[in-house]
Amino acid sequence: MNRLADKYPQEIKQILERYPEGYKRSAVMPLLYLAQRETGYVSQEAMQEIGDLIGIAKTEVATIVGFYTLYHDSSSGKYRVQVCTDLPCALRGADQFLEKLCENLAVKVGETTPDGMVTVEEVKCLAGCFRAPMFQVQSGAGITYHENQTVESAMEVIDGLRQQAKGREGEAKE
Ligand code: FES
């Protein structure tokens, strides 16, 4: 029962109904959002299925997933820490910041910390160019932005996230 059509028949129908004939391809965004909702990423199978549903190639769907930092093609830790290293940020030391942050977390870019909490990703412009180094944190709870960062301040943010997650786990057990 992994097919989106089996899991969410009603929602898919409602999404597709919003778009007139000839414009179904515009449904790609809400369909991707739906596909990602449960697992936090869009599987290759789901990309194929979405492509079939709206009549575009899987590679086009994959391109959209690759373009937007809000869509993901692989699983992650509880938090995605996304560091912008686009040119304006790079000029303000984003590359070195990312390298040192990875060193501190003992991971490479794209990897997840052994506790399953943090996945570090390198992304393109997040519209905070003049306040680099900067990153955003994505999780099930939403997105937070962190600008004018040092590795130390970023580690404080990450420690805070870990504490938060532990607190929630504790509450869930009670
Ligand atoms: S280039 Fe990094 S936020 Fe714009």
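**Exercise 1. Determine how helix α3 and helix α4 pack against each other.**

Solution. Helix α3 (residues 28-37) and helix α4 (residues 44-54) meet at an angle of about 150 degrees, and their axes lie 10 Å apart. Axes here are lines fitted to C-alpha atoms, for helices over the stretch in contact, and angles run from 0 to 180 degrees between N-to-C directions. Helices (H or I, at least four residues) and strands (E, at least two) are DSSP runs, numbered from the N terminus.

The angle makes α3 roughly antiparallel to α4; angles under 35 degrees count as roughly parallel, over 145 as roughly antiparallel, 65 to 115 as roughly perpendicular and the rest as oblique.

Next come the residues involved. Val28, Leu31, Leu32 and Ala35 of α3 make the contact with Ala46, Ile50, Leu53 and Ile54 of α4, where two residues are in contact if their C-beta atoms, placed from the backbone, lie within 7 Å. The residues of this contact comprise eight nonpolar, no polar and no charged. Ala, Val, Leu, Ile, Met, Phe, Trp, Tyr, Cys and Pro count as nonpolar, Asp, Glu, Lys and Arg as charged, and the others, Gly among them, as polar.

The model is predicted: local features need pLDDT of at least 70, side-chain atom pairs count only at pLDDT 80 or more, and totals for chains, interfaces and linings use all residues. Residues are numbered from 1 along each chain as its sequence is written.

**Exercise 2. Describe the order and pairing of the strands in the open sheet.**

Solution. The sheet has four strands in the order β2-β1-β3-β4, with mixed pairing. Strands of a sheet pair through backbone hydrogen bonds, either parallel or antiparallel. Two strands pair if DSSP finds at least two bridges between them.

Taking the pairs in turn:

- β1 and β2 run parallel and are joined by six bridges; Val81 has Val120 in β2 as its bridge partner.
- β1 and β3 are antiparallel, with four bridges; Val83 stands opposite Phe135 in β3.
- β3 (residues 135-139) and β4 are antiparallel, with five bridges; Gln138 stands opposite Ile143 in β4.

The edges are β2 (118-123) and β4 (142-146), each with a single partner strand, so one side of each has no neighbour in the sheet. On average, neighbouring strands are turned by 20 degrees against each other, direction ignored.

**Exercise 3. Characterise the surroundings of Lys124.**

Solution. Lys124 lies in the loop between β2 and β3. Its 13 C-beta neighbours inside 10 Å make Lys124 partly exposed. Leaving aside residues up to four places away in sequence, Lys124 touches Cys84 and Asp86. The C-alpha atoms of Lys124 and Thr85 are 6.3 Å apart, although 39 residues separate the two along the chain.

**Exercise 4. Summarise the protein as a whole.**

Solution. The protein has eight helices and four strands, in the pattern α-α-α-α-α-β-α-α-β-β-β-α along the sequence. Buried residues make up 25% of its 174 residues.

Notes. Buried ≥ 20, exposed ≤ 12 C-beta atoms within 10 Å, placed from the backbone.
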